[in-house]
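Here are my notes for you, point by point. Keep the structure open while you read and look up each spot as we get there.

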Amino acid sequence: MTRIVKNEFFKTGVKLAFAAAAFWFLSKKLDYEQLPELFFSMSYPLLFVALVFQSLSTFISGYRWKLVMDSLSFSKGFWFYQELYFKGSFFSQALPGSVGGDALRLIALKDEGYKISDSLYGIFIDRVVGLTGLLIISLIALLFAPTYLHDGIKYAVFMISAGGIAGFLGLLFLHKIGVFENLGRLSFLHTLSTKFYAVYKGGEKSVKQVVLSVAIHFFSILAVYMISVSSNLGIEFGAFLCLMPLVILLTILPISFAGWGVREGAMVGLFAMSGASKEAIMAVSIAYGVILIVSSLPGFVAWIRSKNIA
């Protein structure tokens, strides 16, 4: 147990160190002294609107997860999933510990008497459909791609998005290939595909889940856009539709604490092509990180009122 704890502390330390290193590297390219003035010049009513959009994104996420778990024969109520999703968001965004949002959801479901393996499938499927919604937004945004995005980025967005959606469809029907059922350690793919199909069989269920997933990321992108408007960044909404999915994909990588440093570096690198001030882009990214933490505070309230970690 001591060894596990030390390993988790080490991984957390590495993530925090990576975030610090990313900010240090950016400090060589940007004038950090401009940031306070940029923060104070933002429109606070518009920042509040951004907070509402981000909170709505998390709320819809909790509802989508409930639909997934209902299809897998989990029998918890609507507010159970909402509370747990906001808790998970708080743990992922605000605490530099070893218990992330998904781990917290898994612990809570185990405490309710559900098998860990079944819960893992439900959480993983929820993640997959969420990622698919993000990729769909990327493909749609390519139709309105700003002219200042060069062909290399457009091609990369198309390949990543099309490949991810193809993977989603492949996983949906993988269980129909009987060979995977008897492939030893790979047999879990057959089980995963079977459960995946149980969640998304039928056109109405599939469309509803995909629409919810698109809405979740659309509201998050709207939140970032509203922050940019509050700071007079001057970047059109189409650019956010094209570029924010790439930023979100990069922040998913488990190399930094809650995406800090990675998000700022990606946004500065991508949005600077529009000609906007790098310092202003940095301020927008940091403000969005703060919005993410503030929007997760209902999860903090639910956590301190509970009797255990989940």
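1. Start with helix 10 (residues 237–252) and helix 11 (residues 262–271): in this predicted model, their axes come within 9 Å and cross at roughly 150°. That makes helix 10 roughly antiparallel to helix 11, since an angle over 145 degrees counts as such. The crossing of helix 10 and helix 11 is right-handed.

2. Which residues make that contact? From helix 10 you'll find Ala 239, Phe 240, Leu 243, Met 244, Leu 246, Val 247, Leu 250 and Thr 251. Helix 11 brings Val 262, Arg 263, Ala 266, Met 267, Leu 270 and Phe 271. Sorted by class, the residues in the contact of helix 10 with helix 11 are 12 nonpolar, 1 polar and 1 charged.

3. Now look at helix 5 (residues 101–111) and helix 6 (residues 116–142), whose axes come within 9 Å and cross at roughly 140°. Helix 5 passes helix 6 in a right-handed crossing. On the helix 5 side, the contact uses Asp 102, Arg 105, Leu 106, Leu 109 and Lys 110. On the helix 6 side, the residues are Ile 116, Ser 119, Leu 120, Ile 123, Asp 126 and Arg 127. The class count for the contact of helix 5 with helix 6 is 5 nonpolar, 1 polar and 5 charged.

4. Stay with helix 6 a moment, and find Gly 130 there. Is Gly 130 buried or exposed? Gly 130 has 7% relative accessibility, so it counts as buried. If you set aside neighbours within four places in sequence, Gly 130 is in contact with Arg 64, Ser 213 and His 217.

5. Next, Gln 93, which sits in helix 4 (residues 78–94). Gln 93 has a relative accessible area of 16%, so it is buried, the cut-off being under 20%. What does Gln 93 touch, leaving aside its neighbours within four places in sequence? The list is Phe 257, Ala 258, Trp 260, Leu 292, Ile 293 and Ser 296.

6. Last, a word on confidence. The protein chain averages a pLDDT of 84, and 89% of the residues score at least 70. Residues 1–6 are a stretch to flag: pLDDT stays under 50 there, and the model has 0 contacts beyond four places in sequence for residues 1–6.

Methods: Residues numbered from 1 in each chain as written. Predicted model: local features only at pLDDT ≥ 70, side-chain atom pairs only at ≥ 80, totals over all residues. Heavy atoms only, no water. Axes fitted to C-alpha atoms, helices over the stretch in contact; angles between N-to-C directions. Helix = DSSP H or I, 4+ residues; strand = E, 2+ residues; numbered from the N terminus. Parallel < 35°, antiparallel > 145°, perpendicular 65-115°, else oblique. Left-handed = near helix turned anticlockwise from the far one by under 90°. Contact = heavy atoms within 4.5 Å. Nonpolar A, V, L, I, M, F, W, Y, C, P; charged D, E, K, R; others polar. Buried < 20%, exposed > 50% of the residue type's maximum accessible area, 1.4 Å probe, protein only. pLDDT = per-residue confidence, 0-100.
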